[in-house]
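Please open the model in your viewer and keep the selection tool at hand. The tour below goes stop by stop, telling you what to select next and what to look for there.

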Number of protein chains: 2
Amino acid sequence: MKITDLQTPAVLVDAAALDHNLDTMAAALPGARLRPHVKAHKCTALAARQAERGHRHFTCATIREMEGMAAAGLGDDLLLANEVLDARRLGALDARVTVAVDSEATIEAAAAGGVREVLVDVNVGLPRCGCAPEDAGRLADRARSRGLEVRGVMGYEGHLMLQGEVADRERGVAESMAKLVAAHRDVGGEVISAGGTGTYAINRAATEIQAGSYALMDTAYSALELPFRPALSLLARVISVSPSFAVADCGLKALGMDHGNPTIDGAKVWFCSDEHITFAAEGAVQVGDFVRVLPAHVDPTLAYHERMHVVAGDEVIDVFEIDLRGWQAAEGGAQRGEAERSR
Amino acid sequence: MKITDLQTPAVLVDAAALDHNLDTMAAALPGARLRPHVKAHKCTALAARQAERGHRHFTCATIREMEGMAAAGLGDDLLLANEVLDARRLGALDARVTVAVDSEATIEAAAAGGVREVLVDVNVGLPRCGCAPEDAGRLADRARSRGLEVRGVMGYEGHLMLQGEVADRERGVAESMAKLVAAHRDVGGEVISAGGTGTYAINRAATEIQAGSYALMDTAYSALELPFRPALSLLARVISVSPSFAVADCGLKALGMDHGNPTIDGAKVWFCSDEHITFAAEGAVQVGDFVRVLPAHVDPTLAYHERMHVVAGDEVIDVFEIDLRGWQAAEGGAQRGEAERSR
């Protein structure tokens, strides 16, 4: 199938760039040194390619992602790097499950939900989840007293991921990891889980790196000197042309917009509507032309789409379902049943 | 079921506000005077509530929305208010189908795809689709020469939807509609389709208004003096609390972000991550608390979610599937089959 046979907008993944990225990271952080984060792609087929390269332990951001990975046979060692107040769906999984905890309430939830292993999540500078470093030991004791195995700590230096100057990034990571290592001394366990695509090469304290964006790469990372290539674009089709602008069929509902407008090579993007992108091209544009739209933020872009088309040139060589989207239990779960009864 | 039993983040729709909005619009624009736009909610269950109030003709933005409406028995008169280059899926529908055309290529696509009826889409000031007003008559002739029935014209004065001053909005609408009425004289047909929630009461030229947002209401419209009430919120749960901020489980992938950050009453939102919202609350917040997050833009927010929960107070009284999402044919279509073979 040619890409021109696809219903637009369609997610395209360049097979060669994807392979390059996966191979490059597998060489830098082999096996369990990398715990790929599936939130970046929400796709078990892509996760399977990561597993084929030796990474069998994965990071997830939602319970739904954990369930989907377990169902796909990728449940050797799944970390939910996020806090939850109801862990029953996690406790029911046929997989090795570890969940982040950063409070007594989340420890109680893990124990009550039947989860057996936890990491203590430590705030290392990003104002998000994570306990104060000096509180980590107390929480670890608490978790053990509730019968939980404490595998170690995690901490995400997300505030440094896009720091442009390498020296500043290195200094920042060292400061953040000093907090995490101190917490780890109080907590114990084998694991220090941290890092991301922007810091994978300079975070030397972590026993495992949670990078995800490296597989498809975000345009936001392109300013950093990273060895990964942009692999993702959206195929759109020009549906209307005026003297000063053109319109293609890829809008707000096909694009994560929190980082701003997408880009089109050789054109200036004016604005996006629900199903349209209005742009001014440098060259001639005709109704029916195909254009490539580069989203400003990959993760929330993919969460809108049902599948990605793996391409070699203009040929679609594989189709990956983006099957980890949403938050409810997958089809067949209780809430699905309710929805159907109400129709 | 109580809302506190829901997996968060969850879309909540206030039943009383929804009913008020639907009733208020049905009184203002009864029956076919309103052609509700389903892109605002992407939900056949909600469209059925609009149909129960007398609006049997609908507006869609995508082929997928058209297919879903037809399959739900809501195909009396469906308008795709958008241009397409491949109309075969439309021509195959068991429904009355009209599609917008604004060029020779889109007329050819409609004819080749087996669509029988069109509206000529006219640019009335928004730089998006639509032909120049003076070209509308020529395109209508062209469409008729290809055997298509030309029902009239459409034009969307979207650049005026959020114009705060009523007098300015009225003057702008009058100017835009003068262009559309002039084009209509050249085109002929019964239909002048235009308007939206921001102009439904002041657009006196249109024979039918394409409003959609009125049903759930966008916060962006709240500055206008409209008689509709905000009906939509996202239920999130506080998963982590620090001395100066708190974090709830509703992030970028649950929110349309093109209009900026969402809001939380009684709190200042700091930022959103993929699955988190970090905020500073005026009052005390505890881990496990439920909070209501108000998205800055409803349409792209709903496109992330599988269903909306209709609530009366804290009781979930109905569940509507958001079943018109995406662009591919619904399950069972050809592309779905391919994806499955590739797994």
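Begin by selecting A:Thr98, whose bridge partner in β5(A) is A:Glu117. The two strands involved are β4 (residues 97-101) and β5 (residues 117-121) of chain A, which pair in the parallel sense over four bridges; two strands are said to pair if DSSP finds at least two bridges between them. The names follow a simple rule, in which helices (H or I, at least four residues) and strands (E, at least two) are DSSP runs numbered from the N terminus.

Before you go further, note that this is a predicted model, in which local features need pLDDT of at least 70 and side-chain atom pairs count only at pLDDT 80 or more, while totals for chains, interfaces and linings use all residues. Residues are numbered from 1 along each chain as its sequence is written, and chains are lettered from A and ligands numbered from 1 in the order in which they are written.

**The sheet of chain A**

Now widen the selection to the sheet, an open one of seven strands in the order β2-β3-β4-β5-β6-β7-β8 of chain A, with parallel pairing. Its edge strands, each pairing on one side only, are β2 (57-60) and β8 (208-209) of chain A.

**Helix α3 of chain B**

Move to chain B and select helix α3 (residues 63-71), where eight of the nine residues are buried, so the helix is largely enclosed by the rest of the structure. A residue counts as buried if 20 or more other C-beta atoms lie within 10 Å of its own, as exposed if 12 or fewer do, and as partly exposed in between, with C-beta atoms placed from the backbone. Among the buried residues of α3(B) are B:Ile63, B:Arg64 and B:Met66. What covers the buried residues includes α2 (44-52), β2 (57-60), β3 (77-80), α4 (88-91) and β4 (97-101) of chain B. Just after α3(B), select B:Gly73, which takes a positive phi of about 80°.

**Strand β7 of chain B**

Next, select strand β7 (residues 191-194) of chain B, and ask which of its residues lie on each side. B:Val191 and B:Ser193 are on one side and B:Ile192 and B:Ala194 on the other, and all are buried, so that both faces are covered. Strand β6 (residues 149-155) of chain B pairs with β7(B) in the parallel sense over four bridges, and B:Gly152 stands opposite B:Val191. From β6(B) the chain crosses through helix α7 (residues 166-187) of chain B to β7(B), in a β-α-β crossover that is right-handed; this term applies if, with the strands pointing away from the viewer, the path from the first strand over the helix to the second runs clockwise. β7(B) also pairs in the parallel sense with strand β8 (residues 208-209) of chain B, over two bridges, and there B:Ser193 stands opposite B:Glu208.

Most residues other than glycine have a negative phi, and most peptide bonds are trans. Select A:Lys42, which has a positive phi of about 55° although it is not a glycine, and which lies in the loop between α1 (15-28) and α2 (44-52) of chain A. With 27 C-beta neighbours inside 10 Å, A:Lys42 counts as buried. Then select A:Thr8 and A:Pro9, which are joined by a cis peptide bond with omega about -5°; A:Pro9 is found in the segment before β1 (10-14) of chain A.

**Where the chains meet**

Finally, show both chains together: the contact takes 55 residues from chain A and 55 residues from chain B, two residues being in contact if their C-beta atoms, placed from the backbone, lie within 7 Å. By class, the side of chain A that touches chain B has 22 nonpolar, 17 polar and 16 charged residues. Here Ala, Val, Leu, Ile, Met, Phe, Trp, Tyr, Cys and Pro count as nonpolar, Asp, Glu, Lys and Arg as charged, and the others, Gly among them, as polar.
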